[in-house]
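Subject: Model handover

Hi,

Have a look at it first, then read on.

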2 protein chains.
Amino acid sequence: MPLTLTPLPGIPLIAPGDDLVQIIQESLPRLGLSLQEGDILVLAQKIVSKAQGRLVDLTTVETSQEALRLADQIDKDPRILELVLRESKEVLRTRPGTIIVEHRLGFVCANAGIDHSNVAGDAAGGEEWVLLLPEDPDAAACAIRQGLEAASGVRLGVMIIDSHGRAWRQGTVGVAIGLSGLPGLADLRGQADLFGYRLRITQVGVADELAAAASLVMGQAAEGTPAVHVRGFPYPLREGSLRELLRPKDQDLFR
Amino acid sequence: MPLTLTPLPGIPLIAPGDDLVQIIQESLPRLGLSLQEGDILVLAQKIVSKAQGRLVDLTTVETSQEALRLADQIDKDPRILELVLRESKEVLRTRPGTIIVEHRLGFVCANAGIDHSNVAGDAAGGEEWVLLLPEDPDAAACAIRQGLEAASGVRLGVMIIDSHGRAWRQGTVGVAIGLSGLPGLADLRGQADLFGYRLRITQVGVADELAAAASLVMGQAAEGTPAVHVRGFPYPLREGSLRELLRPKDQDLFR
């Protein structure tokens with residue numbers, strides 16, 4: 001069975017309080033699609049954050065001494081750095097223009113995932129607004145999944161993704177930041193290969209592989225395709241969580 | 001247009017000298033597919049390496065002092081470590097059972113990508129054989145692409161992928177190790193978003209995103225699906241290379 005990823009057409013600009021379940025349900029018929037058992041919906045972080053009202057007006061941010069000191073060091077807006085610090089557990093690396101942190105959600109990323117592009121707080125002062133990541137992306141994915149499952153009567157997966165830079169390689173790739181109803185990892189431990197050896201590679205980051213695929217379909221620039229319908233995910237659906245994908249700090253050779 | 005990834009059925013076990021162009025061409029009609037302008041074929045490293053005869057009989061490997069010293073330190077087969085060192089520019093990290101290197105091809109990975117599973121050198125002594133990565137994956141992708149383009153008369157992309165572990169996150173994901181006819185990165189620098197701001201994220205690792213998608217479809221255990229047909233790749237095809245995806249060492253905060 002092929003894996004098919006289809007961008008949902010006609011998703012409007014999202015505002016705080018918008019009902020993403022309803023918006024997805026209204027988009028699917030435009031594709032001639034109805035949800036089937038095992039389908040997965042992948043949503044860009046941005047629309048979930050906006051629906052949650054995670055916009056922050058930079059003019060209201062009070063900067064700490066730490067943010068001001070950091071701003072001097074790395075030449076970034078101290079108000080954004082203040083938000084980065086509030087959203088992070090630990091600063092891993094800094095250099096001019098760049099700050100890499102462990103986000104409070106547990107993953108490592110630049111700028112705590114705070115987004116300054118495509119954010120319009122209001123028509124006049126849009127440039128002073130930024131967007132934080134969703135409060136609890138696993139929970140947000142779960143709520144959207146429950147809404148879509150209730151409406152469709154079939155079992156689904158829902159994933160929220162963002163684009164992260166990587167160690168060693170150029171270019172951002174889509175990664176999962178929240179999921180519900182699909183595995184984060186597929187554990188192949190003990191599964192024999194064709195010649196009866198045990199596999200050395202034991203765990204595959206299947207949610208991140210799907211996130212990368214969906215990110216490819218979404219593109220980056222247009223907010224018109226922040227949701228992707230997936231059919232043919234080749235692993236059994238089960239409960240899943242971002243936590244599966246986070247490498248414990250003491251097992252990480254590159255922190 | 002949806003992105004569709006279809007595993008090619010009936011790919012046989014590959015032996016040194018096998019003609020992958022012919023094998024792919026024989027598989028496509030089983031899907032009822034003929035190649036169209038812009039299609040991409042993604043191949044697992046393993047079949048390219050095998051066709052190139054990159055199998056090594058471990059009983060023939062002479063171990064250096066460095067390999068023996070390393071074997072003591074991290075409790076691995078010194079013959080495999082000898083091959084890892086020969087295939088690498090630099091050892092980045094070691095700990096018991098694990099060695100992370102910069103491969104001679106320029107990417108960072110565990111074990112220099114040397115594969116001990118699903119390798120049958122001969123029926124009697126299969127366990128003593130390992131498989132090195134392809135000699136020059138960009139060139140291998142280019143040769144396969146030229147063969148398929150000559151046969152089909154349409155412009156195509158070809159990519160060779162492997163599964164790599166990552167800093168910070170659990171689970172391996174598919175990544176590009178060689179490509180021809182498709183971009184490694186899509187450079188969005190200067191492209192305005194919906195509100196006219198400049199995007200902060202400038203480069204997307206589109207080849208790696210596609211590699212992850214294809215890896216998801218291939219799975220890991222069965223050698224039956226080491227080739228995937230892709231239709232609907234959403235970026236214009238152009239010449240591309242693994243080199244685009246390699247972060248220069250002096251720009252890497254995590255080496």
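How many residues of domain 1 of chain A are in contact with domain 2 of chain A? Before I get to that, a word on what you have. This is a predicted model, where local features need pLDDT of at least 70, side-chain atom pairs count only at pLDDT 80 or more, and totals for chains, interfaces and linings use all residues. Residues are numbered from 1 along each chain as its sequence is written, while chains are lettered from A and ligands numbered from 1 in the order in which they are written.

**Domains in chain A**

As for the count, 10 residues of domain 1 of chain A are in contact with 9 residues of domain 2 of chain A (contact: C-beta atoms, placed from the backbone, within 7 Å). On the domain 1 side, the elements that give two or more residues are helix 2 (45-51) and strand 8 (157-164) of chain A. Helices (H or I, at least four residues) and strands (E, at least two) are DSSP runs, numbered from the N terminus. Helix 2 of chain A gives the most to that side, with 3 residues. By type, the residues on the domain 1 side come out as 3 nonpolar, 3 polar and 4 charged (Ala, Val, Leu, Ile, Met, Phe, Trp, Tyr, Cys and Pro count as nonpolar, Asp, Glu, Lys and Arg as charged, the others, Gly among them, as polar).

For chain A overall, there are 6 helices and 12 strands. Buried residues make up 48% of its 255 residues; buried means 20 or more other C-beta atoms within 10 Å of the residue's own, exposed means 12 or fewer, and partly exposed is in between, with C-beta atoms placed from the backbone. Among contacts in chain A between residues at least 6 apart in sequence, 60% join residues at least 24 apart.

**The 4-5-6 sheet**

In chain A, 3 strands make an open sheet in the order 4-5-6, with antiparallel pairing (two strands pair if DSSP finds at least two bridges between them). Strand 4 and strand 6 of chain A are at the edges with a single partner strand each, so one side of each has no neighbour in the sheet. Neighbouring strands are turned by 25° against each other on average, direction ignored. Axes here are lines fitted to C-alpha atoms, for helices over the stretch in contact, and angles run from 0 to 180 degrees between N-to-C directions.

Going strand by strand, 6 bridges join strand 4 (residues 88-95) of chain A to strand 5 (residues 98-103) of chain A, and A:Glu90 has A:Glu102 as its bridge partner. These two strands form a hairpin with 2 residues between them, and A:Gly97 in the turn has a positive phi of about 85°. Strand 5 of chain A also pairs with strand 6 (residues 108-110) of chain A over 3 bridges, with A:Ala110 as the bridge partner of A:Ile100. That hairpin has 4 residues between the strands, and A:Gly106 takes a positive phi near 110°. Helix 3 (residues 65-74) of chain A lies across strand 4 and strand 5 of chain A, at about 25° to strand 4.

Chain B has an open sheet of 3 strands in the order 4-5-6, with antiparallel pairing.

Which residues touch the most other members of the largest nonpolar core? Of its 146 residues, A:Met159 and B:Met159 do (a core is a set of buried Ala, Val, Leu, Ile, Met, Phe, Trp, Tyr and Cys residues joined through C-beta atoms within 7 Å). Not counting residues up to four places away in sequence, B:Met159 touches residues including B:Ile40, B:Val42, B:Leu179 and B:Leu210.

A:Trp168 is in the loop between strand 8 and strand 9 (173-180) of chain A and is buried, with 23 other C-beta atoms within 10 Å. B:Asn111, also not a glycine, has a positive phi near 65°. B:Asn111 lies in the loop between strand 6 and strand 7 of chain B and counts as buried, with 23 C-beta neighbours inside 10 Å.

Cheers

Terms used:
Two residues are in contact if their C-beta atoms, placed from the backbone, lie within 7 Å.
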